[in-house]
Amino acid sequence: MTVSAPVAERPVKKVKRQQRFDEGTGRLAAVLLSPTLIVLALVVLFPIISALRESLYQSGQHLDANGFVVQGSQWVGLKNYADIFRGDTGHRFWNAFYNTTFFTVVCVVLETVLGVAMALIMHKAFKGRGIVRASILVPWAIPTVISALLWKWVFQADGIANALLGTQVLWSTEGWQSKLSVVIADTWKTAPFIGLLVLAGLQTIPAEVYEAAKVDGANAWQTFVRITLPLVKPALLVAVLFRILDTLRIFDLPFVLVGAHKDSVETLSMLAYDQAFNVRYGPAAAYATVLFVYVAVVAYMFVKILGADVIGEARAKKPGGGRRKKNGGAGTAAASSAVTLSAASGSGRAV
């Protein structure tokens, strides 16, 4: 009978779990972003909630059920919102709503056209380009109130505008002239902003694309429509979106240039300010809330309909978008635009 020797147990190796390269980054990102989120909650979220709450109250003196005068805020529910659309208040609101929309549409269209033209001029290589760029951007650097005061001197009765026109136009009174003065002043100040953003988009377009278009026999208009506009569209849409949101909240320019209580130029922001100035904080908050909803709806429709990639969503959704080469996206778009232009010109030559 043989007895086998006991076999020594082999030590079990503990398998070390491999850590992913991104493990713990979510928690770290939350910790690092928490101060910013707290500040945003204090300066953005808290005022919005406070305005919504204030719009449900009316402050001042009121009569209670027994006929006694009561001082303080009184809960009125949606009465402030209902009063916006009724009687003389409703007429004033719709007038301000029309003025706000009118300034937004007209000013943004003019600023877009002039801004793209400025960007094309600043993008050209010529002697003295730096001076031209600096002079074009000067209006944008001037504060809005200072700009309004400058244009107020231009449009006064004995100002430069009437001297050049050879007539006496009362620009600060009711009528089309007051609207025109606001449009001119706002376009002069903010068209360089669109031009600056479009210029940044133009500088990302490879020069080879324009050379290929020139070889294919494309003229200047075909090159602009089929190459420049498609490739500069992301920057242009973001610039237009910013200008739309800014013009919808226009207040200081018409307030300083023309004045308050002018039906021709009164906007929703001026209307809310007038209510707050007269210690009617509830209706003022209601006007501000309506304006906030109006701006949010316009921004949402603009992004969804025109596809403005404000936060890089389109790039993030593409597979491997974070690991693409620096000029990969621009090169692909440029190549597709060059192919489209080549087919449209009918030259049949390979580039």
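The model is predicted. The protein chain has 14 helices and 4 strands. Of its 351 residues, 33% are buried.

Helix α12 spans residues 281-306, and helix α9 spans residues 220-248. Their axes come within 10 Å and cross at roughly 165°. The angle is over 145°, so α9 is roughly antiparallel to α12. The crossing of α9 and α12 is right-handed. On the α9 side, the contact is made by Lys 233, Leu 237, Val 240, Leu 241, Ile 244, Leu 245 and Leu 248. On the α12 side, it is made by Leu 291, Tyr 294, Val 295, Val 298, Ala 299, Phe 302, Val 303 and Leu 306. By class, the contact of α9 with α12 has 14 nonpolar residues, 1 charged residue and no polar residues.

Helix α12 also packs on α11, which covers residues 268-277. The axes of α11 and α12 are 7 Å apart, at an angle of about 160°. The two helices are therefore roughly antiparallel to each other. Here the crossing is left-handed. From α11, the residues in contact are Leu 268, Ser 269, Leu 271, Ala 272, Gln 275 and Ala 276. They meet Tyr 281, Pro 283, Ala 284, Tyr 287, Ala 288, Leu 291 and Tyr 294 of α12. This contact of α11 with α12 has 11 nonpolar and 2 polar residues, with no charged ones. Leu 291 and Tyr 294 of α12 are listed in the contact with α9 and in the contact with α11.

Helix α11 also meets α3, which runs over residues 87-123. The axes of α3 and α11 come within 8 Å and cross at roughly 140°. That angle makes α3 oblique to α11. Arg 92, Phe 93, Ala 96, Phe 97 and Thr 100 form the α3 side of the contact. Leu 268, Leu 271, Asp 274 and Gln 275 form the α11 side. By class, the contact of α3 with α11 has 5 nonpolar, 2 polar and 2 charged residues. Leu 268, Leu 271 and Gln 275 of α11 are listed in the contact with α3 and in the contact with α12.

Thr 112 is another residue of helix α3. At 18% relative accessibility, Thr 112 counts as buried. Leaving aside residues up to four places away in sequence, Thr 112 touches Ile 194, Leu 236 and Val 240. Val 240 of α9 also takes part in the contact with α12.

The structure holds 19 aromatic pairs. One of them joins Phe 97 and Tyr 294 in a tilted arrangement, at 4.7 Å centre to centre and 35° between the planes. Phe 97 lies in α3 and Tyr 294 in α12, so the pair ties together parts that are 197 residues apart in sequence. Phe 97 is partly exposed, with a relative accessible area of 24%. Tyr 294, at 18%, counts as buried. The rings of Phe 251 and Phe 255 have their centres 5.1 Å apart and their planes at 25°, so this pair is stacked. Both partners are partly exposed: Phe 251 has 24% relative accessibility, and Phe 255 has 27%.

Ring pairs also build a cluster of Phe 85, Phe 93, Trp 94, Phe 97, Tyr 287 and Tyr 294. Tyr 287 and Tyr 294 belong to the α12 side of the contact with α11.

Two loop residues have positive phi values. Most residues other than glycine have a negative phi. His 261 has a positive phi of about 60° although it is not a glycine. His 261 is placed in the loop between α10 (252-257) and α11. With a relative accessible area of 52%, His 261 is exposed. Val 279 likewise has a positive phi, near 60°. Val 279 lies in the loop between α11 and α12. Its relative accessibility is 46%, so Val 279 counts as partly exposed.

Terms used: Residues numbered from 1 in each chain as written. Predicted model: local features only at pLDDT ≥ 70, side-chain atom pairs only at ≥ 80, totals over all residues. Heavy atoms only, no water. Axes fitted to C-alpha atoms, helices over the stretch in contact; angles between N-to-C directions. Parallel < 35°, antiparallel > 145°, perpendicular 65-115°, else oblique. Left-handed = near helix turned anticlockwise from the far one by under 90°. Contact = heavy atoms within 4.5 Å. Nonpolar A, V, L, I, M, F, W, Y, C, P; charged D, E, K, R; others polar. Phe/Tyr/Trp six-rings, centres within 6.5 Å; stacked < 30°, edge-to-face > 60°. Buried < 20%, exposed > 50% of the residue type's maximum accessible area, 1.4 Å probe, protein only.
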